[in-house]
Amino acid sequence: MILKLHPKRRFKAPVYAECISPDNLNGLSEAEASRLEVWEGNKRRRLGGLFKIELVEESPSSDSDGPTIMLSGDLTKVRRIGAGMSRGCIVVEGNVGMHLGESMKGGTIKVTGNAESWVGCMMEGGLIEVEGSAGDYVGAPYRGSRDGMNGGTIIIHGDAGSEVGCFMRGGLIKVQGNVGQFVGIHMAGGTILVRGDCGGRAGAEMTDGKIILCGHVPSVLPTFTIDDLKSNAKVDGEKIKGPFYRFIGDVAEGGKGRLFVSKPRNPHLAFYEKYL
């Protein structure tokens, strides 16, 4: 089953559309899907009142992988797409709003444009791939919660903002571009790979997990201790060419997290070598 959704107009207020997921739309007709409820600001709306819905293909047999949902148009105000989904596929042609794939457990989400903050918030499984850039808090939980990303994979082909992987406990985040400050803050497990530069304060208060920074880093927090000089680092079976300085921390938290920092991109950190 393939469903296509396109906004009927430009949204001025945030649209909370957690019903847009393969779990909720599987097996529904166009009429049934149009009756699902969403919120536009403080107004309750029907999904069909905000989106043009088209059933492109329907298989007579049940699809265990779930349906494919294709969204196009200006979706920057549309939040919580794919929330809690466990199967199927969502394809977003363009930009998308906050909380994409929140609490996602399985399936695939692909975005051809950019995504706002909280991509993969509290994610447990599945794959989210953003061809553009993402905002702050990739894989992070809501403020006041410690239940960060615990499984699955997030791939950002562009840049990402601050606090990528905040309170992360498992899974994998790959950022091909640059990230802001506090990548891996409060991290307790999982892996973060950043191909570009980092704004600083990487791994603050982390207790476990692995962060690999291939670009420039202004400094390493003093609560990390130099442990080794490694020729490469491993991410999901792939060898990332170094050499890397490997630090352990955050010792202020009794942490044993591993922070890999590129040696060639950070000659200002060479003074650490005398402590090896």
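The model is predicted, so to speak of local features requires pLDDT of at least 70, side-chain atom pairs count only at pLDDT 80 or more, and totals for chains, interfaces and linings use all residues. Residues are numbered from 1 along each chain as its sequence is written, and side-chain values use heavy atoms, leaving out hydrogens and water.

**Aromatic pairs**

- Searching the whole structure turns up six aromatic pairs; rings of Phe, Tyr and Trp (its six-membered ring) pair if their centres lie within 6.5 Å, with planes under 30 degrees apart stacked, over 60 edge-to-face and the rest tilted.
- Tryptophan 118 and tyrosine 137 make a tilted pair, 4.5 Å centre to centre with 35 degrees between the planes.
- Tryptophan 118 sits in the loop between strand 9 (108–111) and strand 10 (127–130), and tyrosine 137, 19 residues apart from it, in the loop between strand 10 and strand 11 (150–156); strands (E, at least two residues) are DSSP runs numbered from the N terminus.
- Both tryptophan 118 and tyrosine 137 are buried, meaning under 20% relative accessible area with a 1.4 Å probe, protein chains only.
- Phenylalanine 244 and phenylalanine 260 are edge-to-face because their planes meet at 85 degrees, with ring centres 6.3 Å apart.
- Phenylalanine 244 is buried at 1% relative accessible area, and phenylalanine 260 is buried at 6%.
- Tyr245, Phe247, Phe271 and Tyr272 are joined into a cluster by ring pairs.

**Hairpin**

- Strand 3 (residues 37–40) pairs antiparallel with strand 4 (residues 43–46) over four bridges; pairing takes at least two DSSP bridges between two strands.
- Glutamate 37 has arginine 46 in strand 4 as its bridge partner.
- Two residues separate the strands of this hairpin, where glycine 41 takes a positive phi near 65 degrees.

How values were computed
Buried means under 20% relative accessible area, exposed over 50%, partly exposed in between (1.4 Å probe, protein chains only).
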